[in-house]
Amino acid sequence: MSSGAADLRQRKKQNCTESDKMAPEEKSKENSKLGRSPKYMLVQRFAKLFFGCLAAVTSGMMYAVYLSTYHERKFWFSSRQELEREITFQGDSAIYYSFYKEMLKAPSFERGVYELTHNNKTVSLKTINAVQQMTLYPELIASVLYQASGSEEVIEPVYFYIGIVFGLQGIYVTALFVTSWVMSGTWLAGMLTVAWFIINRTDTTRIDYSIPSRENWALPYFACQVAALTGYLKKNLNCSAEKFCYLLVNASTYTFVMMWEYSHYLLFVQAVSLFLLDSFALAQTEKVHEVYRIYLFSLIVGYLLQFENSALLVSPLLSLVVALMLSKSLQMNMKKSTFVSRLLKIMYIYLVLTVAVTLNFLLKMFIPHKENEHLLKFIEVKLGLNTTKNFTMNWLLCQESLQAPSQDFFLRLTQSSLLPFYILVLIICFFSVTQVIFKRICGEPLKETVKLEDGRIGERPEIVYHVIHTILLGCLAMCLEGLKYLWTPYVCMLAAFGVCSPELWMTLFKWLRLKAVHPILLALILSMAVPTIIGFSLWKEFFPRIMTELTELQEFYDPDTVELMTWIKRQAPVAAVFAGSPQLMGVIKLCTGWMVSSLPLYNDDDLLKRNENIYQIYSKRSAEDIYKILTSYKANFLVIEDSICNEVGPVRGCRVKDLLDIANGHVVCEEGDNYAYSKYGRFCHEIKMNYSPYVNYFTRVYWNRSYFVYRINTVISFQS
């Protein structure tokens, strides 16, 4: 094993110029054996590269056009008024887009940034740094591009904004195409990746539900980073391609960190994958540590440009990277003999994990940070280590995205044939990787180049990386359904790579010891025939459905919300503060610009407490209690939603009013029976009766079928 490791280091130390000089000679010898001239091979490779890139770019553009067309058909977007268009942004999406509007209204970019970083016109009695707290760099970039490109006279702001998001989704698909192409060697795998991605759109992307969400802005950059990292890890990569991949990994990693507040968690999973890859000496150590340096650079620059965001300093990614850097010298000096190397290998892994955990603990002790403690409590409750009656915690546990995946999810993936082929490919790759790791432990060195007839796909470092990465992401997705949007795209990519890769089929045939038919010929045939059959069946079954989606007009119209927003803009005072559910407050802030008492954000303890307090309007509390809560936030108007007050959910214990009753101790469930312990009726019902003491505190000023608006009286008259 020590000799194999020494050979690996020696190969890494070989400079680019030497490898570039050797490559043409080796290629010319190979070409002469095949009876082909170097010029013929150059033209062939150029044609393959040209048509592959054309197919990748075309796939991305067509997907972006598909999303735009589907969005238009779903909302009748072009035929709506501006207010009706803005209502389609719900919850946190409305807040993100509202800040984009504010940037466009600002007299200058500098003034707009200042108003966002010192924002006191959104949440009552609270000044927030919206750029840091909500990661508004996408909105800053979009506003700059809109004004700098002179698009004011060409396109409306909303079309420009969603057009950028749809364009990024096209880049997302292109990056997955390229990743599968690089791994398999054929762009047929890229086409199959795109087909599976689009067919399983409900499970691969959240673009249908929340266009401005941070992950829709960030994940395309992560996909580009994964594509570049896949190429960077390949063996025998020429100097120019290696430099290009390195620069792309650098740029995309940093951009990803800036676009999403939770990006460092996903990069931590990737870093763990690379750590395991390097621990078994299956990749060039220097390349892996170059990626660690990129992580370190991105975190430091991100910390500085995100207004000294302490969350990046206490992130597990930083602790792991620093631990790996500190342990690098031990890793390089431990390969002295077979027995010592095995012993020190275990010690090295233990050392890295110990240092990482200790360092993260120390950083959290000495660095002031606002880490979301409710997330840690959520994990405890989710794992059954604790129980709670806290409203916010139970509300999070009831969210569909935080539940385990349903059977429908696996059924959809199976119906599109994605899951069966993914499992097949993963099993073959996993056992091949395990076989290679076992041989490395036994001291067998890796081959310089793996040929097709060797049937050892597990020796390719980029394949090992993707196997580990997809397993880790899959484990997370099995715990929380919301994380399936991180895992499923790479399921599409890995499955498509596998069925189109002759190496994978050859690995399988080696195990089966196939002798009846020439295994190499059969592997080449299957790598073309299987994806062709899959593509044809997908085209026959799912293409008509996709075309139906694009031709069928869907009606989305919410007249009650339109009437409410119109009334607020016409009748409510400009300085008024509205209170209600956080989701509705986001829409009110976007459509009217009026100040609100809460926001649909869950990364701030104060906002979480506000949301819980204002949700009490749907609990069994007295009029005086609710009045004190609302006036403490300087609210002038209260909006009650009939859909929440009269909610009939499929899961009874997950309705907002049920969660409030449990948190307030107003309902105790024993063997299916409910016992009420509150002497007050439900506030949202009682206030509609217009009797004392409710009319003393609140005056109804507007109502329709869905909303009831009450003015919060400043002068209270206690009359029966």
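I began with the contacts in this predicted model. Of those between residues at least 6 apart in sequence, 72% join residues at least 24 apart.

Next I looked up the secondary structure. I found 35 helices and seven strands.

I then checked burial. The protein has 720 residues, and 51% of them count as buried. I noted an accessible surface of about 33,600 Å². Carbon and sulfur atoms account for 62% of that surface.

I turned to confidence. The average pLDDT is 85, and 87% of the residues score at least 70. Residues 1-15 have a pLDDT below 50. I still found 23 contacts for this stretch beyond near neighbours in sequence. Over residues 17-34 the pLDDT also stays under 50. There the model has seven contacts beyond four places in sequence.

A probe the size of a water molecule, rolled over the atoms, shows where empty space is left. I counted four cavities of 30 Å³ or more. The largest cavity holds about 80 Å³ of space.

Which residues line the largest cavity? I listed Phe-391, Thr-392, Trp-395, Tyr-602, Leu-608, Asn-611, Glu-612 and Tyr-615. By type, I sorted the lining into five nonpolar residues, two polar and one charged.

Key
Residues are numbered from 1 along each chain as its sequence is written. This is a predicted model: local features need pLDDT of at least 70, side-chain atom pairs count only at pLDDT 80 or more; totals for chains, interfaces and linings use all residues. Side-chain values use heavy atoms; hydrogens and water are left out. Helices (H or I, at least four residues) and strands (E, at least two) are DSSP runs, numbered from the N terminus. Buried means under 20% relative accessible area, exposed over 50%, partly exposed in between (1.4 Å probe, protein chains only). Contact means heavy atoms within 4.5 Å. Accessible areas come from the Shrake-Rupley method with a 1.4 Å probe; for residues, only the protein chains shown count as cover. pLDDT is the predictor's confidence in each residue, from 0 to 100. On a 1 Å grid over the protein atoms alone, a cavity is a set of points where a 1.4 Å probe fits but cannot get out, and a pocket is an open set with protein on both sides within 12 Å along at least five of seven lines; lining residues have an atom within 4 Å of a point. Grid points are joined across faces, edges and corners, and a volume is the space filled by probe spheres set on the points. Ala, Val, Leu, Ile, Met, Phe, Trp, Tyr, Cys and Pro count as nonpolar, Asp, Glu, Lys and Arg as charged, and the others, Gly among them, as polar.
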